[in-house]
Amino acid sequence: PSSLWVSWVTGRAQVGSHLTPLDPTAVRSEVWYGERPASADTVGHPHVARGSAEVYSQLYPYPGLLNYTSGVIHHVRLVGLRPSTRYYYRCGDSSLKGGLSDERSFVTLPAPAPDAYPRRVAVVGDLGLTGNSTSTVDHLARNDPSMILMVGDMTYANQYRTTGGRGVPCFSCSFPDAPIRESYQPRWDGWGRFMEPLASRVTMMVTEGNHEIEPQGHGGAVTFASYLARFAVPSEESGSNTKFFYSFNAGGIHFIMLGAYVDYNRTGAQYSWLEKDLQKVDRRATPWVVASWHTPWYNSYSSHYQEFECMRQEMEGLLYQHGVDIVFSGHVHAYERMNRVFNYTLDPCGPVYITIGDGGNIEEIDIDHADDPGKCPSPGDNQPEFGGVCHLNFTSGPAKGKFCWERQPEWSAFRESSFGHGILE
Ligand SMILES: [Fe+2]
C-alpha cells in the first residue's frame, strides 16, 4: 500500500557465442513521480526515487546452444506512498536527452483494514506468449483489475527454440541427447514488451514456476537467473532473504507467496519464515489470508496428479492451523476449485484451493481427469522437478486402497478445461 517496485529494461540483449555483457552502472535508475500528471505541473513530477540495475547472462557451454546476455534491468523502490492513491511516473535516466519513458500511472493498494479491499484481483497462471495468452491478457485488462497475482510459469522460454516453438510434454523423452534443456531468453524480452501496457499500470505480484528454473552452466548449476534478475518483490520488507517466498498486504488481505521449487521441508528456512509470517498476521487488520504457489496440492486432473504431495505433507498443517482462507496455484493447465479440505478430508476450517493454470501457454490444455476410465496415472508418472515423491493411496472414500478415485473426488467442487484467468472480487 505505501511502497511499490518499478522495474524496466534499457539497452539491447545479445545472443551469440562471444558476448560482452552491458555495464549496469552506465545508466541511471530513476523514477520521477507525483500525484499529478507532469503536464499539469510546471516543474514536472516533484519526487525522484533512485534504485539499482543489473545484467544477467544465460550461458550454455555446449556446442550449438546460444548464449545470451540481457539488457540493463532496473529496479527502483518507491516508498512513503499514500494508499489508494493514483500516482503518475516516468522512469529512466534524466541526464540523457530523451532518457525518460512516457508517463504512466498506477493506483496504490488500500492500507490494511477490515473494510478496505483491492476492488478486483486478477489471478493468472501458466500464461506464456501465444495467441491464447493474448486473449487471456486482453480479457484480464478489460476486467480492470487493481492487482494481478501471477502464479508461476510466465514465458515458457524453455519450450521455445529447441522444440521449434511447439513445446513438448516431456522434454527429456523428446530430446534424450540434449546436454541441457535450452531456454531461449529473448522470449523473456518479448514477454516483457507484451505485458508492459498492463504491468506498467497495475501492480503485478509473482511467484516462480518450474518453467522459471532454466538451468544453465555445466550440469545446470545455475538456475532461476532470469526470474531473479527481472522481478523485484518485497522480500526484505516481509522478513524473507530471498525472492522465492515473501508476503505483503493489500487492504484487508494478507498475501503469502511461497516457493515450490526451493526447500519446503519443516526443517528449512522457508518453513520457519512462513511460521513467523503467519504468527505476525493481525486478523483485525487483515481478516483474510490468501496463499499462493505454483504447484497444486489438490488436483484431480491426470496431469501433475499428486506431484507435490511431499510439499503438502510438510506444510499443510501449518496453513490449516493458521486458518488460511484461499490458496491459488497453477501448473495444471485447467481450472479446478476444491471444497474446503484438510488432509484429503472435507473440513469447514480448511482453505479453498483453486487451480488456475490455464493462462494459454505453448503446451496443451489439460483435459484428462485421474478418475476417467484408463486415465489414472501410474505412481511412477508425474515426477516433480524439485523435491521428493510422496505418492499415496487413499485410506477412505471410493478410492480406498487405490491411487485414484473412481469418480470426481468429493474434495473437488468444479473443474473446467478452458483458457482464461480468474477474478477475486
Ligand atoms: Fe508449471
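**Salt bridges, domains and burial**

Colleague: How many salt bridges does the rule count?

Modeller: The count comes to 17 salt bridges. The rule asks for a side-chain nitrogen of Lys or Arg within 4 Å of a carboxyl oxygen of Asp or Glu. This is a predicted model, where local features need pLDDT of at least 70 and side-chain atom pairs need 80 or more, while totals for chains, interfaces and linings use all residues. Residues are numbered from 1 along each chain as its sequence is written, and side-chain values use heavy atoms, with hydrogens and water left out.

Colleague: What makes Glu35 and Arg82 a salt bridge?

Modeller: Their closest N and O atoms are 2.7 Å apart. That is within 4 Å, so the pair qualifies. Glu35 sits in the loop between strands E3 (30–34) and E4 (47–50), and Arg82 in the loop between E8 and strand E9 (86–92), so parts 47 residues apart in sequence are tied together. Strands here are DSSP runs of E, at least two residues, and helices are runs of H or I, at least four, numbered from the N terminus.

Colleague: Why is Glu35 called partly exposed?

Modeller: Its relative accessible area is 37%. Buried means under 20%, exposed over 50%, and partly exposed in between (1.4 Å probe, protein chains only). So Glu35 falls in the middle class. Arg82, at 47%, also counts as partly exposed.

Colleague: How do you know that Asp325 and Arg283 form a salt bridge?

Modeller: The closest N and O atoms are 3.0 Å apart, within the 4 Å limit. The pair ties together parts 42 residues apart in sequence, because Asp325 is in the loop between helix H6 (309–321) and strand E17 (326–329), and Arg283 is in the loop between helix H5 (269–280) and strand E16 (288–292). Asp325 has 15% relative accessibility, under 20%, so it is buried. Arg283, at 31%, is partly exposed.

Colleague: Which residues are linked in a network of salt bridges?

Modeller: Arg28, Glu30, Arg50 and Asp93.

Colleague: What are domain 1 and domain 2?

Modeller: Domain 1 is 1–108 and domain 2 is 110–424. The bounds come from an automatic or database domain assignment.

Colleague: What makes Glu237 and Arg77 a salt bridge?

Modeller: The closest N and O atoms are 2.9 Å apart, within 4 Å.

Colleague: Why does Ile367 count as exposed?

Modeller: Its relative accessibility is 55%, over 50%, so the class is exposed. Ile367 lies in the loop between strands E21 (352–356) and E22 (412–416). Leaving aside neighbours within four places in sequence, Ile367 contacts Tyr301, Asp372 and Ser417.

Colleague: Why does Asp126 count as buried?

Modeller: Its relative accessibility is 0%, under 20%, so it is buried. Asp126 is in the loop between strand E11 (121–124) and H1. Its phi is near 50 degrees, a positive value in a residue other than glycine.

Colleague: Is Glu214 buried or exposed?

Modeller: Buried, because its relative accessible area is 1%, under 20%. Glu214 too is not a glycine, yet has a positive phi of about 45 degrees.

Notes: Contact = heavy atoms within 4.5 Å.
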